[in-house]
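Here is a short tour for a reader meeting this protein and its ligand. Please look over the sequence and the model before reading on.

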Amino acid sequence: MEIVDFAALAPGRHSDAAGILRDALAHVPSAYNAPGEAEAEVALRCAEDGWLGHAALEGERLVGWIGAIRTYSHGWEIHPLVVAPDCQRRGIGSALMAALEARARSEGVLALFLGSDDDYGGTTLFGRDLWPDVVGHVATTETTSRGHPFTFYRRQGYQIVGLLPDVNGAGRPDIMLAKRLTPSRFSA
Ligand SMILES: CC(C)(COP(=O)(O)OP(=O)(O)OC[C@H]1O[C@@H](n2cnc3c(N)ncnc32)[C@H](O)[C@@H]1OP(=O)(O)O)[C@@H](O)C(=O)NCCC(=O)NCCS
């Protein structure tokens, strides 16, 4: 497997990236299921000044990609991260994450963050009224048998830093995750 800068991909490969986005998130009701929606998302990100990305290639085949938005001076938002369904659990997501983290560190980024929706029942947060003690639910959050990328991100060192209740409909929260990249700033 080879990790390359997304910007180095031939524009013809962008439809492959859109296909992975659609297929990897097919189980998520709010994500890129309408015709042309995934293609529009890829075009939008490629045209966005503050966006950067990496792609994973196996031979000639694009098998996954990761992006980030330079949202803050020292904090980037990961968006998106997708691996082709038939290539998952082979370390591709981890390799993409490592490439992005290395790039972020090299540019002085202190934290990476993302929102990971649960609008299908992948975690114990789904279907619940999380108000009024929203952050009180953080410590007990687990994935269900339906699975959720939270498991992957936790393994990568990310922690839940917030919950956005009901933002995908009642009982369908967005889970905010973040990882500290450079702890030395506060070291003695
Ligand atoms: C989340 C995703 C990017 C992970 O990519 P991947 O290539 O499958 O991940 P890796 O093979 O590097 O997994 C590393 C570890 O994360 C954990 N993990 C990854 N996917 C998991 C799953 N579906 N269930 C449980 N644990 C999982 C495991 O601990 C795994 O190690 P192991 O296989 O040795 O047990 C991929 O599953 C994906 O594209 N999912 C659909 C799209 C998505 O939800 N993207 C994130 C949106 S916020």
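The model is predicted.

Domain 1 gives 18 residues to the contact, and domain 2 gives 13 residues. Together the two domains bury about 1300 Å² between them. Carbon and sulfur atoms account for 56% of that buried area.

**Across the interface**

How many salt bridges cross between domain 1 and domain 2? The rule finds one. Lys179 forms a salt bridge with Glu101, and the closest N and O atoms are 3.1 Å apart. Polar contacts are also counted here: seven residue pairs link domain 1 and domain 2, with both residues at pLDDT 80 or more.

Two elements of domain 1 each supply at least two residues of the side that touches domain 2. They are strand β4 (75–83) and helix α3 (92–106). Which of the elements gives the largest share of that side? The answer is α3, with six residues. By residue type, the side of domain 1 that touches domain 2 divides into nine nonpolar, six polar and three charged residues.

**Around the ligand**

There are 19 residues around the ligand. Arg89, Gly91, Gly93, Ser94 and Arg155 come nearest.

| Residue | Protein atom | Ligand atom | Distance |
|---|---|---|---|
| Leu81 | polar backbone atom | nitrogen | 2.8 Å |
| Gly93 | backbone N or O atom | oxygen | 2.7 Å |
| Ser94 | polar side-chain atom | oxygen | 2.5 Å |

Leu81 and Gly93 each use a backbone atom.

**Backbone details**

Where do cis peptide bonds occur? One joins His79 and Pro80, with omega of about -10°. Pro80 is found in strand β4. β4 also supplies at least two residues of the side of domain 1 that touches domain 2. Another cis bond runs from Trp131 to Pro132, with omega near 0°. Pro132 sits in the loop between β5 (111–117) and α4 (150–155).

Tyr32 has a phi near 55°. That is a positive value in a residue other than glycine. Tyr32 is found in the loop between α1 (14–24) and α2 (37–47).

**A loop residue**

Val167 lies in the loop between β6 (159–164) and β7 (174–180). What does Val167 touch, leaving out residues up to four places away in sequence? Its contacts are Arg172, Pro173 and Asp174. Pro149 is 18 residues from Val167 along the chain, and their C-alpha atoms are separated by 18 Å.

Technical notes
Residues are numbered from 1 along each chain as its sequence is written. This is a predicted model: local features need pLDDT of at least 70, side-chain atom pairs count only at pLDDT 80 or more; totals for chains, interfaces and linings use all residues. Side-chain values use heavy atoms; hydrogens and water are left out. Contact means heavy atoms within 4.5 Å. Buried area is the accessible area (1.4 Å probe) that two parts lose on being put together, summed over both. A salt bridge is a side-chain nitrogen of Lys or Arg within 4 Å of a carboxyl oxygen of Asp or Glu. A polar contact is a pair of N or O atoms within 3.5 Å; within protein, one must be able to donate a hydrogen and the other to accept it, and residues adjacent in sequence count only if both atoms are side-chain atoms. Helices (H or I, at least four residues) and strands (E, at least two) are DSSP runs, numbered from the N terminus. Ala, Val, Leu, Ile, Met, Phe, Trp, Tyr, Cys and Pro count as nonpolar, Asp, Glu, Lys and Arg as charged, and the others, Gly among them, as polar. A residue is near a molecule or strand if one of its heavy atoms lies within 4 Å of it.
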